[in-house]
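The following note sets out some points on the structure shown below.

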Amino acid sequence: MEPVPTEQVAAFRRFNRYFTRRIGVLDDHYLGQDRPLGEARLLFEICRSGPAVSLRELRGRLGLDAGYLSRMAKTLQAQGLIRFGTDPRDSRLRTVEPTPAGRAEVTEQQKRADALAAGLLGGLSGSQRARLTEAMDTARRLLRLAGITVRLVDGASPDARACLDAYAADLAERFPEGFDPSDLVRPEEVSGDAGAFHVAYEEGRPVGCGGLRRLDPGMGEIKHVWVHPDARRLGLARRILGELEREAAGRGMTAVRLDTHAVLTEARAMYRACGYTEIPAYLEHVYASHWFEKRLTGAAPD
C-alpha cells in the first residue's frame, strides 16, 4: 500500500472534527433525546433488523467491543426499549428485539434526524445541495472500499467456495446457454504453488473473490473475479484484480492472462482500462469469446 500524504490525513481529520460537531455527536443527549449517539445508533440498528437480531451480528455490523455493546444493550433493556432472547436455531446466540417503546423512540429519532439534516442543507441553493449530495455519495462509496480487506485464503475454504457458488449462480442467469459449475477452478488449482485465491471481506462478510492459477513458467491465469451485488460500483473488482496481479508478480510471473464471455461487456471494459490487451485464444474454453493478457512489472525471480 502506498503511503498516504500527511496533508490528506490532516484534511480527513479536519472534516471529521467539523462534521461530528455539526451533527451533535459530542452531545450526551443526541438529537435532544436522553441518550448519547452510541445508544441511539444501537437502538436504531436493532429496530431496522426485523423481529430480532443476534448480538454477534450487531457486533460485526457496528464494529463494537463485545463488552461495550453488552453494557449499552443492558441500559436499553433497563429502560424498557429492548428485550433479550435466544436464537431458536442456535441456543448459544443471544438476541435482542425492540419493544413498542423502543420502536416509538426510533420513530421520533428519525424525525429529529431528518429535521437536523434539512436544517443543515437549508442554507444551500438547490445546485449546491446537489453537489454536496453527490460528494457525500462518492465519499461513502470510497470509504466503503477503503474498509474492505482482501485476503489470501485456501481454495477449499468455506468462504472461497461460497463466493464461487454465488459467482456460478450469477453466470447461470446472465449466460444465454447457462453455466455449468463444474467449470469452476478446483481448490488445488488455486492453492499452494499452483495458485492463489483471494476473498474480499466487508465487516466480516465475504463480498468478492478472484483466483490465480499457474499456466506455464512465468505465466499466470486470472479466474473468477466476482463481486457481490451489494458491493458493486465501488471499484472492488479492480482492487481484487490488482491484488491478483501483485500475487502473480510476487510468484515470479511476468504476465497474466484471462478470458471472458461475450455478454460480460463491463468486464471487458474494466480489463482494457486496467492495461489488458486483447489477444488470440490461448486455451479452448466453452464460455470464452475474448482473451486478454497483461505484462507485469516488478516480478520476482521465479
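1. A polar contact is a pair of N or O atoms within 3.5 Å; within protein, one atom must be able to donate a hydrogen and the other to accept it, and residues adjacent in sequence count only if both atoms are side-chain atoms. By this criterion, a polar side-chain atom of Q33 lies 3.4 Å from the backbone oxygen of E105.

2. The model is predicted: local features need pLDDT of at least 70, side-chain atom pairs count only at pLDDT 80 or more, and totals for chains, interfaces and linings use all residues. Residues are numbered from 1 along each chain as its sequence is written, and side-chain values use heavy atoms, with hydrogens and water left out.

3. Q33 is placed in the loop between α1 and α2; helices (H or I, at least four residues) and strands (E, at least two) are DSSP runs numbered from the N terminus. Q33 counts as buried because its relative accessibility is 7%, where buried means under 20% relative accessible area, exposed over 50% and partly exposed in between (1.4 Å probe, protein chains only). Neighbours within four places in sequence aside, Q33 is in contact with E105, E108, Q109 and R112, contact meaning heavy atoms within 4.5 Å.

4. Strands β2 (residues 82-87) and β3 (residues 90-98) pair in the antiparallel sense over 6 bridges; pairing requires at least two DSSP bridges between two strands. A hairpin of 2 residues joins β2 to β3, and D87 stands opposite D90 in β3.

5. The largest pocket holds about 2,100 Å³ of space. On a 1 Å grid over the protein atoms alone, a pocket is an open set of points where a 1.4 Å probe fits, with protein on both sides within 12 Å along at least five of seven lines; lining residues have an atom within 4 Å of a point. Grid points are joined across faces, edges and corners, and the volume is the space filled by probe spheres set on them. Its lining comprises 47 residues, with F19, I23, R41, M136 and R140 nearest the centre. Helix α6 (126-147) is among the elements that each supply at least two lining residues, and α6 gives the most, with 10.

6. The lining of the largest pocket has 29 nonpolar, 6 polar and 12 charged residues. Here Ala, Val, Leu, Ile, Met, Phe, Trp, Tyr, Cys and Pro count as nonpolar, Asp, Glu, Lys and Arg as charged, and the others, Gly among them, as polar.
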